[in-house]
Number of protein chains: 2
Amino acid sequence: MSVLVVGSVAYDSVKTPFGEVDKALGGSATFFSAAASFLTDTQLVAVVGEDFDISDLDFLRERGVDLSGLDVVAGETFRWKGHYGYDLNEAKTLSTELNVFETFDPKLSEKQRKAEFVFLANILPELQLSVLDQVESPKFTVVDTMNLWIDTKAVELGEVLSRVDMVVINESEARQLAGEANTFRAIERIREMGPKFVVVKRGEYGALLSAHGNHFFAPAFPLESVFDPTGAGDTFGGGLVGTIARNGRFDEATLRQGVVVGSVLASFAVEKFSLDRMRTLKWSEVVARYQKMQALTRFDTLTIE
Amino acid sequence: MSVLVVGSVAYDSVKTPFGEVDKALGGSATFFSAAASFLTDTQLVAVVGEDFDISDLDFLRERGVDLSGLDVVAGETFRWKGHYGYDLNEAKTLSTELNVFETFDPKLSEKQRKAEFVFLANILPELQLSVLDQVESPKFTVVDTMNLWIDTKAVELGEVLSRVDMVVINESEARQLAGEANTFRAIERIREMGPKFVVVKRGEYGALLSAHGNHFFAPAFPLESVFDPTGAGDTFGGGLVGTIARNGRFDEATLRQGVVVGSVLASFAVEKFSLDRMRTLKWSEVVARYQKMQALTRFDTLTIE
């Protein structure tokens, strides 16, 4: 089964306490695809400017990602500048230049319209709706969003949420979206907005899945140094939706596996700047870390009566 | 096997977004004992003033807690006033009146000196050292501490740490103690200070055990409303150390069970003000929630090769 992602391909300038990079490959669709490509056929839909060095995506092409949906248009590629302090949970955005992304209006090809698994990365809700209008009969649709759209595009975002199966969202944004300080109540409010499945990303504290009212917790893989958290959330999404597409179903066992695969992939993504770690990552390394995640969370049945 | 706890018995005045109580039973030794008494014989050592209504502890006596180590002396009982905002992870202390606690100098009885499992609740490090000097040949010793002693009693606290088997500590305090922003590095630094076992309390994100370099994560039990977080950490400690004492060993399986039992007990403690929920709690309710914790964290072996 194949997965379609619509999002950004960008150049990032990132500064962390451990170093900095300028004009490094980034973007939600890029991180998502790098992760999902370990699991399933992936089609990427995004736009870049004429300044974009297309060879930056060679590693994705080699992993079988279908890049025919990447439009190259006149103008400059989306640029994001941000920095992180020692608390690596939160990025401070220094500047966002939408550039060619400002007029992005995804038109899906015949093949893309037939996608069975769809990930709407964090873009303008109107564009997410346009993609939902174009896909013919998806088996499973997933959306990511952010505080900016919760503040400024509540109606459009509400329509998106009413039409998707799953939302993947940061914890603070889940609380904001629901207007609830308690995460578990927030999840219930969000489920009332439409998505049957809610996945809350908690940064260094892992992720939380709510499926049919059942919760599942996965910790973040313990790392002694997080180098650059940029793209962790989209990498997580790629692992999760890639696993769902790979298995071709979204039963609870698959979703739980997907959350752990996503967490593991994200734990690699943050070990180097940009997509550098994802370029060299091998599936056997993912499997090894997945097994460690089992060891990290296992405990016996209570023997005290 | 029996456990000895040395700490405070106090009257708390607490305000949360959901209500307030004045002069309610509190104190680290109280919460610890209420939890540990489900698991093992518990001896409490603390001091209260003449204003203390000893019948407040009847429920502990009924559960078999040995209160012979509770000194009643002239003066007033330790008072703590605090409040919590909607972010229930952090208490704001409004006032602390040490009162009779100021001259607390625990003298252990013959029986108390023979305790095999010892929990040094968060009191002055000098007093913790005095207790360590008095116990004869404990099998397992555990210490809790706080930012105040890290700041003002670094030398004494360092000596305590060099002499105990386990430290149970809040995450922010672990980072402060170690001078490390990364929790996993902080744990390594703390292990170098002495304790072979480090347990990091992460509030709503659960707890993390480091034993012989292996990590274990337990989430907090999901609650739609946390009423009053006061005492959650000591309740957790009581469940953990109580489990160790009950099993009479501290192999990794026991420690993991103990962390989960502690998390479950703490999840009950926060459902009502003061110790109100602990007064009525039944062990069968703890077992049921423990089983839910297994369901909340279980995931399959990865089937994707």
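Me: How many helices and strands make up the secondary structure of chain A?
Reply: The model is predicted. In chain A, both kinds of element occur, and the secondary structure comes to 12 helices and 13 strands.

Me: Why is chain A described as compact as a globular protein of its length?
Reply: The globule rule gives 19 Å for 305 residues. The radius of gyration of chain A is close to that figure, so chain A is as compact as a globular protein of that length; the value is 18 Å.

Me: What percentage of the residues of chain A count as buried?
Reply: A residue is buried if 20 or more other C-beta atoms lie within 10 Å of its own. Applied to the 305 residues of chain A, this gives 52%.

Me: Which elements of chain A give two or more residues to the side that touches chain B?
Reply: In the contact between the chains, 29 residues of chain A meet 29 residues of chain B. On the chain A side, the elements that give two or more residues are helix H8 (183–193), strand E13 (214–218), helix H10 (252–269) and helix H12 (283–297).

Me: How many residues on the side of chain A that touches chain B are nonpolar?
Reply: That side of chain A includes 5 polar and 6 charged residues. The nonpolar residues there number 18.

Me: How many residues of helix H1 of chain B are buried?
Reply: Helix H1 of chain B covers residues 28–36 and is mostly covered. Among its buried residues are B:Phe31 and B:Phe32.

Notes: Residues numbered from 1 in each chain as written. Chains lettered and ligands numbered in written order. Predicted model: local features only at pLDDT ≥ 70, side-chain atom pairs only at ≥ 80, totals over all residues. Buried ≥ 20, exposed ≤ 12 C-beta atoms within 10 Å, placed from the backbone. Helix = DSSP H or I, 4+ residues; strand = E, 2+ residues; numbered from the N terminus. Contact = placed C-beta atoms within 7 Å. Nonpolar A, V, L, I, M, F, W, Y, C, P; charged D, E, K, R; others polar. Rg over C-alpha atoms; globule rule 2.2 N^0.38 Å.
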